[in-house]
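Open the structure in your viewer and keep the selection tool at hand. The stops below go from the whole chain down to single residues.

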Amino acid sequence: MAVIRDVMPVFELFQPATVDEALGLLERHGADAWVLAGGMDTFDWLKDRSKRVAVVVDLSQVGELRGVKEVDGGLEIGALTTLTEVAQHPVVKAKFGLLSEAAGLVASPQIRNQGTLGGNVSQDTRCWYYRSGWTCYRAGGNICYADTPTAINREHAILGADRCVAVSPSDTAPALIALQAAMVIRRAGGGERVVPAEEYFVGPGLDITRMTVLRPGDLLTAIRIPATWANATFYFEKVRDRQVWDFPLVNVAAALKTSGGTIDAVRVAVGAVAATPLRLTTVEAAVTGKPRNIETAQLAGELAVDGAQPLRYNGYKVPLMRNLVTRAIRGTTTATTT
Amino acid sequence: MNFLTWGRNPWGQQILTHVSWDLLWASLFAGVMFLVAHASYMVLSAHHKYSESETDALEAANKSLPERIERHTFMARMFHWVMAASMFTLLFTAFLPIVGVRFAWVQWHWIAGLVLTGSIIYHIIHATFFLDFWSIWVGPKDIPEIKAELLRELGREVDAPKPAKYPMGNRLYHLAIVVVGLTAAISGIFMMARVRNFMISRNPYLLADTTWGFTYVLHGLAGVGLVGLVIAHVYFAVRPEKWWITKAMLVGYITRRQYLMHHDTRRWNVKGGSQPAGRA
């Protein structure tokens, strides 16, 4: 097992001042480069010596990656904007309260002050077998230690497992998917691509060693939220073991447009049940055009967990996810954020 | 270049994980180099070609043989092409993700593996009970033929046995594919216990870590070996002087002339002739 050390390991540190400088460094060092944003995920990996890197590109001096801008009725949020800024920004709170609430429920105030939106959606999984430095599938080996008869897998996946059963731990990711956000990714040479949030995340079937589409040389620079769902009806709920400083056991984010009690349009996403945050398209199709009531909500809950395959210790996630999706569609007057 | 990759298990032990994927490039390189070397040799060398007049004489003496001679039954051809399709699927699903083409490959891979395994079992039964089982194997009795084939390749006229039903190259390739293919298939069946599927219950503790390591290494070695072998096979299948064999695998038969030109009619005695045809 990895041993926590008091000091950081040796690496070459670069602190670019602009995006172009950062991209140049990422291009030059390729797979050897580690992108450091808020450091909330990075420092675990480096101090535990579970990952050893030759070069760290610290983005903290790149001012153009910070801030929230209004664009065409929507928002463009710099990837380095802190979670506190996102949670407290007046326009985010007023028009996209779903994201504000999700960001405000990440970890603890100190972590939200330092952690960034880009880092929160790009962080690695919390599977403790993987993070302990053992050579599991995700670490390039040939076994999932969390999916064995004796494994401690209470936090692991109930859906979409493919050899690896680790889950996406992000709270903001389901909210961004529900808001139809897009991720802006740049690489050296001027290349830019815009990826829908739900396609930003990569499951183990596609690439077992990565959580996102980011490849060496890529940099997530911004998250764009279109005006489409501004001021819609939102629902976010996160269930965790402790009330602060904890990752979700399951979270759900929903954006709904209703008229006369009927659901005209809806987007629902859940986190911490699969290796990627899952957009529940089957649920969306089933409830669109139906009245927003308990029957529709229960139908949504049942559809949401269709095909779930719990492991030995995470069977509770099936009714939990079913109930959260039910509540998201039904709506509740009481804020439920624990 | 590394040959093997190692990891660490929760007990702090070093464990084999799989072969280094550098070997994929080595196998590709070896396959292409063999192709280039052989093609160059065939263009530049004086390798012996069977003479037309010799075959004319044989054909005149064996008019009683049918015009078309069955070389592969329909079921044998079906096996070959099912195996080929599953083999290509296995290689593409295994190695495209390694070279950077991302797709959900695991399910396709083990389904193709099951098809391959099923076709191999079918082939073993078919060949054992319905075909001339020993005709494809190579043994000490074939040494004179091997020697003659080599001398012919060097341009010498040799009065030595022609092949029976299967040329020496076919038989040596079959031997290689038996070893490598069975290694891949058997190790792959064990590896099914590590992925979720409808046939074998998932049990990652079926084998000890070390044994799993060897299983993955064997599977990987067989896989990269198959890359080179398949390149060689496709190359020979499309070579002009071998095309009659490939065509036979498509349509099932060869012509009387091809039979007389390329085979020892005493060692592969086709019914229909008044007597075994003489050897050239």
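**A tour of chain A and the cores**

Start with chain A in cartoon view: its secondary structure consists of 13 helices and 12 strands. Keep in mind that this is a predicted model.

Now colour chain A by domain. Select 12-61 for domain 1, 63-122 together with 168-228 for domain 2, and 232-330 for domain 3. The C-alpha centres of domain 1 and domain 3 of chain A are 35 Å apart.

Then go inside. Nonpolar side chains tend to be buried together in soluble globular proteins. Here the largest nonpolar core has 108 residues; select Leu98(A), Leu179(A), Ala254(A), Val273(A) and Val325(A), the members that touch the most others. Strand 10 of chain A, residues 250-259, supplies the largest share of this core, with six residues.

Centre the view on Val273(A). Which residues is Val273(A) in contact with, leaving aside neighbours within four places in sequence? They are Ala157(A), Ile158(A), Leu159(A), Val167(A), Val250(A), Leu278(A), Lys317(A) and Met321(A).

For the last stop, select Ile15(B), Ala185(B), Tyr216(B) and Leu221(B). These are among the 20 residues of a second, separate core.

Conventions:
Residues numbered from 1 in each chain as written. Chains lettered and ligands numbered in written order. Predicted model: local features only at pLDDT ≥ 70, side-chain atom pairs only at ≥ 80, totals over all residues. Core = buried A, V, L, I, M, F, W, Y, C linked by C-beta atoms within 7 Å. Buried ≥ 20, exposed ≤ 12 C-beta atoms within 10 Å, placed from the backbone. Helix = DSSP H or I, 4+ residues; strand = E, 2+ residues; numbered from the N terminus. Contact = placed C-beta atoms within 7 Å. Domains from an automatic or database assignment.
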